[in-house]
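Subject: Structure handover

Hi,

Here is the structure I promised to pass on. My notes follow below it.

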Amino acid sequence: MAITLHSSPFSPFGRKVKLALLHLGLMDKVTVVGTDTMNPEDPIRRANPLGKIPALVQEDGSVVYDSRVILEALDLMAGGGRIIPADPKARIAALTLQSLADGIMDALILTRYEAMFHEEAQRSEKWLAHQRGKVERAMAALEAAPPALAVHVGTITLACALGYQDIRFEGAWRKTHPRLVAWLDGFIAQMPAAWEQTTPKS
């Protein structure tokens with residue numbers, strides 16, 4: 001049974017997995033399946049009871065989700081210590097950065113869903129402000145101290161969080177976060193082909 005990744009071109013969490021696959025040289029082992037999480041007939045609901053992407057169906061039929069666990073599985077598949085550092089201190093730092101960047105993406109997606117699923121009169125400004133606050137605080141902390149450019153689960157996720165803001169929020173973050181702009185440029189320079197390959201085409 002082939003390895004299958006359920007994902008969507010515009011999912012930053014799916015992009016995170018695809019960047020890892022390309023960086024680790026594993027993409028040729030995986031078939032990417034387009035997924036519509038809103039479609040009750042989509043196979044994602046059988047692969048992941050939560051109906052969320054990404055989900056990785058392994059050769060033995062077992063399914064791994066969410067993106068954090070998938071990246072750990074891919075790191076092990078590639079021999080270990082490739083995108084999750086073996087050194088305990090570096091490992092915790094990389095995983096913490098991943099958690100922070102995942103939180104940015106979660107808040108951005110919730111902000112987008114509020115606009116997608118509720119008419120303007122039904123939207124909660126309090127809820128939107130709550131999500132925006134998460135993003136603003138996280139971005140301010142990262143702007144104050146951008147991480148080193150080593151490629152690992154944390155930096156891959158941060159790059160996807162910034163890239164998602166370019167794609168879905170017109171790159172407004174760039175005006176106020178020059179150090180992160182420079183950081184993202186440096187990160188992309190390490191894997192330009194993979195970044196271009198995983199950039200969704202509108």
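**The end of the chain: K201**

K201 is exposed, with a relative accessible area of 57% (buried is under 20%, exposed over 50%, partly exposed in between, with a 1.4 Å probe and protein chains only).

Before the rest, two notes on the source. This is a predicted model: local features need pLDDT of at least 70, side-chain atom pairs count only at pLDDT 80 or more, and totals for chains, interfaces and linings use all residues. Residues are numbered from 1 along each chain as its sequence is written, and side-chain values use heavy atoms, with hydrogens and water left out.

Back to K201. This residue sits in the segment after α8 (192–198). Helices here are DSSP runs (H or I, at least four residues), numbered from the N terminus. K201 touches F10 and E196, leaving aside residues up to four places away in sequence; contact means heavy atoms within 4.5 Å. F10 is 191 residues from K201 in sequence, yet their C-alpha atoms are 8.7 Å apart. The K201 side chain also reaches the backbone oxygen of T199 at 2.8 Å. A polar atom of that side chain lies 3.3 Å from the backbone oxygen of E196.

**Helix α4**

At the start of α4, a side-chain oxygen of D87 comes to within 3.2 Å of the backbone nitrogen of K89.

Y113 is also in α4. At 38% relative accessibility, Y113 is partly exposed.

**Salt bridges**

How many salt bridges does the whole structure hold? A search finds seven, each a side-chain nitrogen of Lys or Arg within 4 Å of a carboxyl oxygen of Asp or Glu.

K16, D66, R68 and D102 are linked in a network of them. D66 pairs with R68, closest N and O atoms 3.4 Å apart. R68 also pairs with D102, at 3.5 Å. R68 lies in α3 and D102 in α4, so this pair ties together parts 34 residues apart in sequence. D102 is buried, at 2% relative accessibility. R68 is partly exposed, at 37%.

Elsewhere, R132 and E125 meet in a salt bridge at 2.3 Å, N to O.

Best wishes

Key
A polar contact is a pair of N or O atoms within 3.5 Å; within protein, one must be able to donate a hydrogen and the other to accept it, and residues adjacent in sequence count only if both atoms are side-chain atoms. Helices (H or I, at least four residues) and strands (E, at least two) are DSSP runs, numbered from the N terminus.
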